[in-house]
Amino acid sequence: MSVSLALPHTSSALYRLLTKFSVAGLNLSMIESRPIANTDFDVVFYLDFEGAITSPDVAKLMSELNSELSYFKFLGNYEEI
């Protein structure tokens with residue numbers, strides 16, 4: 001699965017995000033950050049992780065992130081070939 005999101009520029013924001021994935025038992029396979037144009041130190045994170053949108057734990061996490069973050073985008077659920 002792939003998502004993109006922006007975190008608040010506060011202490012431990014990334015740690016709290018990663019903890020949510022750990023608690024849900026999800027394995028992150030990629031995390032990348034890119035600067036947001038015309039901002040001071042703000043970034044968008046791109047995350048890939050193993051999971052399925054049909055899983056109740058994944059659906060709950062996606063819902064939480066969507067409601068808690070100012071920017072959250074579900075990019076897709078891909079099957080490994």
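This is a predicted model: local features need pLDDT of at least 70, side-chain atom pairs count only at pLDDT 80 or more; totals for chains, interfaces and linings use all residues.
Residues are numbered from 1 along each chain as its sequence is written, and side-chain values use heavy atoms, with hydrogens and water left out.

Let us begin with the sheet. Helices (H or I, at least four residues) and strands (E, at least two) are DSSP runs numbered from the N terminus, and two strands are said to pair if DSSP finds at least two bridges between them. In general, the strands of a sheet pair through backbone hydrogen bonds, either parallel or antiparallel. Here we have an open sheet of four strands in the order β2-β3-β1-β4, with antiparallel pairing. Because β2 and β4 (71–76) stand at the edges with a single partner strand each, one side of each is left without a neighbour in the sheet. From one strand to the next, the twist averages 15 degrees.

How many bridges join β1 to β3? There are five between strand β1, residues 2–6, and strand β3, residues 43–49, and these strands run antiparallel; within this pairing, Ser-2 has Asp-48 as its bridge partner, and Ala-6 stands opposite Val-44.

Now to a residue in the loop between β1 and α1, namely Leu-7. Is Leu-7 buried or exposed? At 17% relative accessibility, Leu-7 counts as buried. If we leave aside neighbours within four places in sequence, the residues in contact with Leu-7 are Ala-13, Leu-14, Leu-17, Val-43, Phe-45 and Leu-69, where contact means heavy atoms within 4.5 Å. Leu-7 and Ser-70 are 63 residues apart in sequence, yet their C-alpha atoms are 7.7 Å apart in space.

Finally, let us turn to charged side chains. Side chains of opposite charge can pair when their charged atoms come close, and a salt bridge here is a side-chain nitrogen of Lys or Arg within 4 Å of a carboxyl oxygen of Asp or Glu. One of these pairs is Lys-20 with Glu-64, at 3.6 Å from N to O, and the pair links distant parts of the chain, since Lys-20 is in helix α1 and Glu-64 in helix α2, 44 residues apart. Lys-20 also forms a salt bridge with Glu-68, with the closest N and O atoms 3.2 Å apart; that pair likewise links helix α1 to helix α2, across 48 residues. Lys-60 and Glu-64 form a salt bridge too, at 3.9 Å between the closest N and O atoms, and because they are four residues apart in helix α2, about one helical turn separates them. Lys-60 counts as exposed at 53% relative accessibility, whereas Glu-68 counts as partly exposed at 48%. Taken together, Lys-20, Lys-60, Glu-64 and Glu-68 are linked in a network of salt bridges.

Conventions. Axes are lines fitted to C-alpha atoms, for helices over the stretch in contact, and angles run from 0 to 180 degrees between N-to-C directions. Buried means under 20% relative accessible area, exposed over 50%, partly exposed in between (1.4 Å probe, protein chains only).
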